[in-house]
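Please take a look at the chain shown below. What follows is a short report on its fold, its helices and its charged pairs.

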Amino acid sequence: MSPSSNPGLRVRDILDAVDAIERYATDAGGVDALIGAPSVYRDGIERRLLIISEAATKLTGQVEALEPAIDCRARSAAWGTFFAMTTTASATKSFGAC
């Protein structure tokens, strides 16, 4: 099975990207410090978010089939709410608007 068709590898990519983001945030001095941190941290986080996005997009429909007990739509809505609550005008300016 190629990596592009293996849900387990996609999930592993997501988890590895989350771990990397946590390391970058810690190395930068915490989440609040990221705003003024060197751009290498922000660039790394943006890259890892792209990896998460790509892997999650490819998993669409597969998670529900593999784990029907997981309410993916509710989790997606919760993440959207969390992102909206934690994104400030200065963060949007620093990290780029959507």
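Helices (H or I, at least four residues) and strands (E, at least two) are DSSP runs, numbered from the N terminus. On that basis, the chain has five helices and zero strands. Its pattern along the sequence is α-α-α-α-α.

This is a predicted model, in which local features need pLDDT of at least 70, side-chain atom pairs count only at pLDDT 80 or more, and totals for chains, interfaces and linings use all residues. Residues are numbered from 1 along each chain as its sequence is written, and side-chain values use heavy atoms, with hydrogens and water left out.

**Confidence**

pLDDT is the predictor's confidence in each residue, from 0 to 100. The chain averages 73. A score of at least 70 is reached by 59% of the residues. Over residues 88-98 the pLDDT is below 50. In the model, that stretch has ten contacts beyond near neighbours in sequence. Contact means heavy atoms within 4.5 Å. Where pLDDT is low, the predicted coordinates should not be read in detail.

**The chain overall**

Buried means under 20% relative accessible area, exposed means over 50%, and partly exposed is in between (1.4 Å probe, protein chains only). Of the 98 residues, 18% count as buried. The chain exposes about 7000 Å². Carbon and sulfur atoms supply 61% of that area. Accessible areas come from the Shrake-Rupley method with a 1.4 Å probe; for residues, only the protein chains shown count as cover. Take the contacts between residues at least 6 apart in sequence: 60% of them join residues at least 24 apart.

**Helix α1**

Helix α1 covers residues 7-28. The expected span is 1.5 Å times one less than the number of residues.

Which residues of α1 are buried? They are Pro-7, Arg-10, Ile-14, Ala-17, Ala-20, Ile-21, Tyr-24, Ala-25 and Ala-28. These residues sit on the same side of α1, because they cover an arc of only 145 degrees around the axis. The arc is that of the directions from the helix axis to the C-beta atoms. Thr-26 and Asp-27 are exposed on the other side of α1.

Pro-7 has a relative accessible area of 18%, so it counts as buried. Asp-19 also lies in α1. Its relative accessible area is 36%, which means partly exposed.

**Helix α2**

Helix α2 covers residues 39-59. It has 21 residues and reaches 30 Å from first C-alpha to last, close to the 30 Å expected at 1.5 Å a residue. In α2, the buried residues are Arg-42, Gly-44, Ile-45, Ile-52, Ala-55 and Leu-59. They cover an arc of only 160 degrees around the axis, so they lie on the same side of α2. Val-40, Leu-50 and Thr-57 are exposed on the other side of α2. Just after the helix, Gly-61 takes a positive phi of about 90 degrees.

**Pairs across the sequence**

Pro-7 and Ala-56 are 49 residues apart in sequence, yet 9.6 Å apart in space, C-alpha to C-alpha. Asp-19 and Arg-48 are 29 residues apart along the chain, with 9.5 Å between their C-alpha atoms. Tyr-41 and Arg-23 are 18 residues apart along the chain, with C-alpha atoms separated by 9.6 Å.

Tyr-41 lies in helix α2. It is partly exposed, because its relative accessible area is 22%. Leaving aside neighbours within four places in sequence, Tyr-41 is in contact with Tyr-24, Asp-27, Ala-28 and Leu-34.

**Salt bridges**

How many salt bridges does the structure hold? There are two. A salt bridge is a side-chain nitrogen of Lys or Arg within 4 Å of a carboxyl oxygen of Asp or Glu. Side chains of opposite charge can pair when their charged atoms come close.

| Salt bridge | N to O distance |
|---|---|
| Asp-16 and Arg-12 | 3.0 Å |
| Lys-58 and Glu-54 | 3.1 Å |

Asp-16 and Arg-12 both lie in α1, four residues apart, about one turn of the helix. Asp-16 is partly exposed at 32% relative accessibility. Arg-12 is partly exposed at 40%. Lys-58 and Glu-54 both lie in α2, four residues apart, again about one turn of the helix. Lys-58 counts as partly exposed at 39%, and Glu-54 counts as partly exposed at 46%.
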